[in-house]
Amino acid sequence: STMTGKTQTSNVTNKNDPKSINSRVFIGNLNTAIVKKGDIEAIFAKYGKIVGCSVHKGYAFVQYMSERHARAAVAGENARIIAGQPL
């Protein structure tokens, strides 16, 4: 189904199949008072197609289509400073 404008990613990142676990990125030490779901997606979208993003207090998960994308995101964003805190 195509939606007009921005395509919405799912909030579900906790699927239990092993393939999805390997393509999921944990983002810790996140200032979620400032950084929102859309911000996280904007930062991490350059590594591949995001199929899910869930934001929790102080951390988030990004679910990619493939493990390759998840690895690239971890390599590219580890220790990046966002809202004054290193990821």
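Among contacts in the protein chain between residues at least 6 apart in sequence, 64% join residues at least 24 apart, where contact means heavy atoms within 4.5 Å. The model is predicted, so local features need pLDDT of at least 70 and side-chain atom pairs count only at pLDDT 80 or more, while totals for chains, interfaces and linings use all residues. Residues are numbered from 1 along each chain as its sequence is written, and side-chain values use heavy atoms, with hydrogens and water left out.

The secondary structure of the protein chain comes to 3 helices and 5 strands; helices (H or I, at least four residues) and strands (E, at least two) are DSSP runs numbered from the N terminus. In that direction the elements follow the order α-β-α-β-β-α-β-β. Of the 87 residues in the protein chain, 36% are buried. Buried here means under 20% relative accessible area, exposed means over 50%, and partly exposed lies in between (1.4 Å probe, protein chains only).

Strand β2 (residues 50-56) pairs with β3 in the antiparallel sense over 6 bridges, and β1 pairs with β3 in the antiparallel sense over 4 bridges. Two strands are said to pair if DSSP finds at least two bridges between them. Gln63 in β3 is the bridge partner of Arg24, and Gly52 also stands opposite Gln63. Tyr59 in β3 is the bridge partner of His56. The hairpin of β2 and β3 has 2 residues between the strands, and Gly58 takes a positive phi near 90° in this hairpin.

Val62 lies in strand β3 and is buried, with a relative accessible area of 0%. Not counting residues up to four places away in sequence, Val62 touches Ser23, Arg24, Val25, Ile27, Ile40, Phe44, Ile50, Gly52 and Cys53. Val62 and Thr13 are 49 residues apart in sequence, and their C-alpha atoms are 6.8 Å apart in space.

Val62 also belongs to the largest nonpolar core, which has 17 residues; Ile27, Leu30, Ile40, Phe44, Val62 and Tyr64 touch the most other members. A nonpolar core is a set of buried Ala, Val, Leu, Ile, Met, Phe, Trp, Tyr and Cys residues joined through side-chain atoms within 4.5 Å. At least two residues of this core come from each of β1, α2, β2, β3 and α3. Leaving aside neighbours within four places in sequence, Ile27 is in contact with Ile40, Phe44, Gly58, Tyr59, Ala60, Val62 and Leu87.

Helix α3 (residues 67-77) has His69, Ala70, Ala73 and Glu77 as its buried residues. They cover an arc of only 100° around the axis, which puts them on the same side of α3; the arc is that of the directions from the helix axis to the C-beta atoms. An α-helix has 3.6 residues a turn, so residues three or four places apart point the same way. The buried residues of α3 pack against α1 (18-22), β1, α2 (37-44) and β3. On the face of α3 turned away from the buried side are the exposed residues Arg68, Arg71 and Ala75.

Aromatic rings supply another set of links. Rings of Phe, Tyr and Trp (its six-membered ring) pair if their centres lie within 6.5 Å, with planes under 30 degrees apart counted as stacked, over 60 as edge-to-face and the rest as tilted. By this rule the count comes to 3 aromatic pairs. The rings of Phe26 and Tyr59 have centres 5.7 Å apart and planes at 35°, so this pair is tilted. Phe26 lies in strand β1 (residues 24-27) and Tyr59 in strand β3 (residues 59-64), so the pair ties together parts that are 33 residues apart in sequence. Phe26 counts as exposed at 52% relative accessibility, whereas Tyr59 is partly exposed at 30%. Phe26, Tyr59 and Phe61 form one aromatic cluster. Arg24 lies over the face of Phe61, at 5.7 Å from the ring centre; a charge sits over a ring if NZ of Lys or CZ of Arg is within 6 Å of the ring centre and within 35 degrees of the ring normal.

Some backbone details remain. Asn29, in the loop between β1 and α2, has a positive phi of about 55° although it is not a glycine. Ala83 lies in the loop between β4 (81-82) and β5 (85-86) and has a positive phi of about 50°. Asn29 is partly exposed, with a relative accessible area of 41%, and Ala83 is partly exposed, with a value of 36%.
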